[in-house]
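Let's take a walk through a protein model together.

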Amino acid sequence: MPKTAKYVLLFAAVLLASAVCIVLMFRPRAVNIVYMADARYLPYVMVSLESAIASKNKETQYHVHIIAKDFAPEDTAKIRKMAQDDVTIELYPAREPKLDYARLGRFSSFKISLQKLFIADYLPSLGKVLYLDADTLVQADLSEVYETDLRGKYAAAVKDGLMYQFPGHVAGMDLGGREFYFNSGVMLLNLAQIRKDDIMRRAVIYFNTHNEVFGDQDVLNVVFGSKVVPLSYRYNCNSTFFEEKDAAFLSKFFNETVPQNPREVYDSAAILHFAGHKPWTPWFSHSYLKPLWYRYAATVAEKYQMTF
């Protein structure tokens with residue numbers, strides 16, 4: 001082959017590679033997000049979703065999937081109004097799983113949360129999703145955490161302060177050699193691996209054979225075993241922990257530097273999680289976080305005629 005022809009082919013290959021890189025760089029990034037709620041919690045899902053939409057990058061697309069229990073037609077209509085060109089919304093009527101709910105004991109209020117055990121079943125065509133509890137606020141684009149490598153793992157999640165608040169409860173659980181107990185309010189889930197290893201069946205067996213189960217969280221901590229990737233506290237920032245303990249303790253606990261000032265912690269968090277007292281209740285009086293939540297709630301109330 002003449003030298004000129006070789007150079008032409010080489011130049012063409014370089015151009016093609018560059019074009020592919022440019023296409024990959026600018027193509028929309030899709031994130032599948034899952035919520036679950038009954039009609040009572042619909043307004044709070046809408047506040048969380050409003051914050052996620054307000055905080056996303058323009059090139060990111062959100063595909064939102066909501067497992068809905070006892071939604072009236074008007075509830076469905078309200079949440080669907082939140083869809084836009086780069087945000088799709090699909091609802092899935094909640095099914096009644098074969099679970100012995102009496103096993104929850106004093107944790108009976110966590111009944112709806114057990115739907116998390118079946119996300120892989122509700123969404124059979126998806127390989128990965130980001131699950132968010134309704135009591136969250138999103139402050140950053142979610143594509144970064146969504147791209148976390150889950151190969152060979154079931155989930156990525158954040159360490160839960162229950163490890164030091166109730167050490168006896170956690171110590172009695174078989175976590176498969178994993179050294180941390182995670183919070184299930186924010187989870188990046190590898191649905192393909194969960195289905196492959198039949199984790200849903202194992203979850204049902206565990207739940208139906210144990211008492212005083214702390215909702216889905218205990219179950220998932222056990223059945224996921226060692227196959228969990230730890231995430232930064234920034235992706236599930238629970239205000240309770242950062243008000244109770246100092247930065248030195250928390251930095252050691254989370255194995256990363258935690259700012260001294262709680263306000264800095266909240267400002268830098270990608271996802272805030274009100275896992276304890278809820279900001280819409282009268283007994284939650286945090287001077288910064290309560291007004292922050294209500295700013296998003298006010299937007300939802302105005303746009304979609306919701307009351308809080």
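## A contact to start from

The side chain of Ser 232 makes a polar contact with the side chain of Glu 256, at 3.0 Å. A polar contact here is a pair of N or O atoms within 3.5 Å; within protein, one must be able to donate a hydrogen and the other to accept it, and residues adjacent in sequence count only if both atoms are side-chain atoms. You will find Ser 232 in the loop between β8 and β9 (237-238). Ser 232 is buried, with a relative accessible area of 19%; buried means under 20% relative accessible area, exposed over 50%, and partly exposed in between, using a 1.4 Å probe and protein chains only. Not counting residues up to four places away in sequence, Ser 232 touches Val 158 and Glu 256, where a contact means heavy atoms within 4.5 Å.

This is a predicted model, in which local features need pLDDT of at least 70 and side-chain atom pairs count only at pLDDT 80 or more, while totals for chains, interfaces and linings use all residues. Residues are numbered from 1 along each chain as its sequence is written, and side-chain values use heavy atoms, with hydrogens and water left out.

## The chain as a whole

The chain has 14 helices and 10 strands. Helices (H or I, at least four residues) and strands (E, at least two) are DSSP runs, numbered from the N terminus. Of the chain's 308 residues, 51% count as buried. Among contacts between residues at least 6 apart in sequence, 77% join residues at least 24 apart.

## Seven strands in a sheet

In what order do the 7 strands of the open sheet stand? The order is β3-β2-β1-β4-β7-β6-β8, and the pairing is mixed. Two strands pair if DSSP finds at least two bridges between them. β3 (87-93) and β8 (228-230) stand at the edges with a single partner strand each, so one side of each has no neighbour in the sheet. On average, neighbouring strands of this sheet are turned by 30° against each other, direction ignored. Axes are lines fitted to C-alpha atoms, for helices over the stretch in contact, and angles run from 0 to 180 degrees between N-to-C directions.

Now let's follow some of the pairs. β1 (residues 29-38) and β2 (residues 60-69) are parallel, over 10 bridges, and Val 31 has Tyr 62 as its bridge partner in β2. β1 and β4 are also a parallel pair, over 2 bridges, with Ile 33 opposite Leu 130 in β4. Leu 130 also has a bridge partner in β7, namely Leu 188; β4 and β7 (residues 182-190) run antiparallel and are joined by 5 bridges. β6 and β7 pair in the antiparallel sense over 5 bridges, while β6 and β8 pair in the parallel sense over 3 bridges.

## Covered strands

Some of these strands are well hidden. In β4 (residues 128-132), 4 of the 5 residues are buried, so the strand is largely enclosed by the rest of the structure. β6 (residues 155-159) is mostly covered too, with 4 of its 5 residues buried.

Is Ser 184 buried or exposed? This residue of strand β7 counts as buried, at 2% relative accessibility. Leaving aside neighbours within four places in sequence, the contacts of Ser 184 include Lys 116, Tyr 131 and Asp 216.

## Cores and helices

In soluble globular proteins, nonpolar side chains tend to be buried together. A nonpolar core is a set of buried Ala, Val, Leu, Ile, Met, Phe, Trp, Tyr and Cys residues joined through side-chain atoms within 4.5 Å. The largest one here has 65 residues, and Ile 66, Ile 79 and Ile 89 are among those that touch the most other members. Helix α2 (residues 42-55) gives the largest share of this core, 8 residues. Apart from it lies another core, of 44 residues, including Phe 118 and Leu 191.

Helix α2 also packs against helix α14 (residues 289-304), at an angle of about 100° and with the axes 9 Å apart. The two helices are therefore roughly perpendicular, a label for angles of 65 to 115 degrees; under 35 counts as roughly parallel, over 145 as roughly antiparallel and the rest as oblique. Among the residues making the contact are Tyr 44 and Met 46 of α2 and Trp 293 and Tyr 296 of α14.
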